[in-house]
Amino acid sequence: LHERQGKMSGQEELPEAGVEGEGGEGEEFEEEVDDAELAQMQADLDKAEQQKAELDKLNKMQGGAAGAAAGKDAEAAAAESADRDARSIFIGNVDFAASVEEVQALFADCGEINAITIPVDKYTGRAKGFAYLEFADKASVLSALEKNNQLLRDRPIKVINKRTNLPIWQVQPTRGRGRGGFRCGA
């Protein structure tokens, strides 16, 4: 029994001595490894920051150019749409069986026609009873407006300037969100 205790105590002493000896050398090794890892991590961080700066610079260049181009395109599209609307008329009370050719024949003497549109119901395919006509120049609109109340297939047509559609939030500002409808007596 005493021999076992002696061996155990001897084994316990050896590892303690070995740990103390390796501990001193290990700390120096760990400091060298830590310094090398720290230097590598710092280099990686610097490289990542440079790449981020370059990416931000490229995004700013592309975003600024794309944003300006998109703004110019939107303005150009709005101006073109307004010009097209100024050269167009709305024709109401058009007979449901009227064709594009009949509308074109009625307004041919007003000027050069770019487009005629007779909207149809997407489910039934039946005409909706009105049409849009686009002229090549604005002067033609004035002569077309004189055809108001003229007959097309025995129906008096209504001819007015085509209006530009605006979203409801531009036409009628909101009055806030409110509290809703009925409130159960609370």
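## A salt bridge between Arg153 and Glu102

In this predicted model, Arg153 and Glu102 are joined by a salt bridge between their side chains, with an N to O distance of 3.0 Å.

The structure holds 10 salt bridges. One of them pairs Lys147 with Asp109, the closest N and O atoms being 3.1 Å apart. This pair links distant parts of the chain, 38 residues apart: Lys147 lies in the loop between α3 and β4, and Asp109 in the loop between α2 and β2. Lys147 is buried because its relative accessible area is 12%, and the cut-off for burial is under 20%. Asp109, in contrast, counts as exposed at 60% relative accessibility.

Asp83 and Lys138 form another salt bridge, in which the closest N and O atoms are 3.9 Å apart. Here too distant parts of the chain are linked: Asp83 is in helix α1 (residues 2-86) and Lys138 in the loop between β3 and α3, 55 residues apart. Asp83 counts as partly exposed, with 32% relative accessibility, and Lys138 counts as partly exposed at 48%. Both residues belong to a network of salt bridges that links Asp83, Arg87, Glu134 and Lys138.

Which residues of α2 are buried? They are Val103, Leu106 and Phe107. These residues lie on the same side of α2 because they cover an arc of only 85 degrees around the axis. An α-helix has 3.6 residues a turn, so residues three or four places apart point the same way. On the other side of α2, Glu101 and Ala105 are exposed.

The buried residues of α2 are covered by elements that include β1, β2 (113-117), β3, α3 and β4 (158-161).

In soluble globular proteins, nonpolar side chains tend to be buried together. In this model, the largest nonpolar core has 19 residues, and those with the most contacts inside it are Ile89, Ile91, Val103, Phe107, Leu133, Phe135 and Ile157. Two or more core residues come from each of β1 (88-92), α2 (100-107), β3 (130-135) and α3 (139-145).

What does Ile157 touch, leaving aside residues up to four places away in sequence? Its contacts include Ile91, Gly92 and Asn93, together with Leu106 and Phe107. Ile157 also touches Lys147, Asn148, Asn149, Gln150 and Leu152. Among these contacts, Leu106 and Phe107 are buried residues of α2, and Lys147 is the buried partner in the salt bridge with Asp109.

## Aromatic rings and charged ends

There are three aromatic pairs. Phe90, Phe130 and Tyr132 form one aromatic cluster. Tyr132 also has a charged neighbour: the charged end of Lys162 sits over its ring, 5.5 Å from the centre. A further arrangement of this kind involves Arg126, whose charged end sits over the ring of Phe96 at 4.1 Å from the ring centre.

Technical notes. Residues numbered from 1 in each chain as written. Predicted model: local features only at pLDDT ≥ 70, side-chain atom pairs only at ≥ 80, totals over all residues. Heavy atoms only, no water. Core = buried A, V, L, I, M, F, W, Y, C linked by side-chain atoms within 4.5 Å. Buried < 20%, exposed > 50% of the residue type's maximum accessible area, 1.4 Å probe, protein only. Helix = DSSP H or I, 4+ residues; strand = E, 2+ residues; numbered from the N terminus. Contact = heavy atoms within 4.5 Å. Phe/Tyr/Trp six-rings, centres within 6.5 Å; stacked < 30°, edge-to-face > 60°. Lys NZ or Arg CZ within 6 Å of the ring centre and 35° of its normal. Arc of directions from axis to C-beta. Salt bridge = Lys/Arg side-chain N within 4 Å of Asp/Glu carboxyl O.
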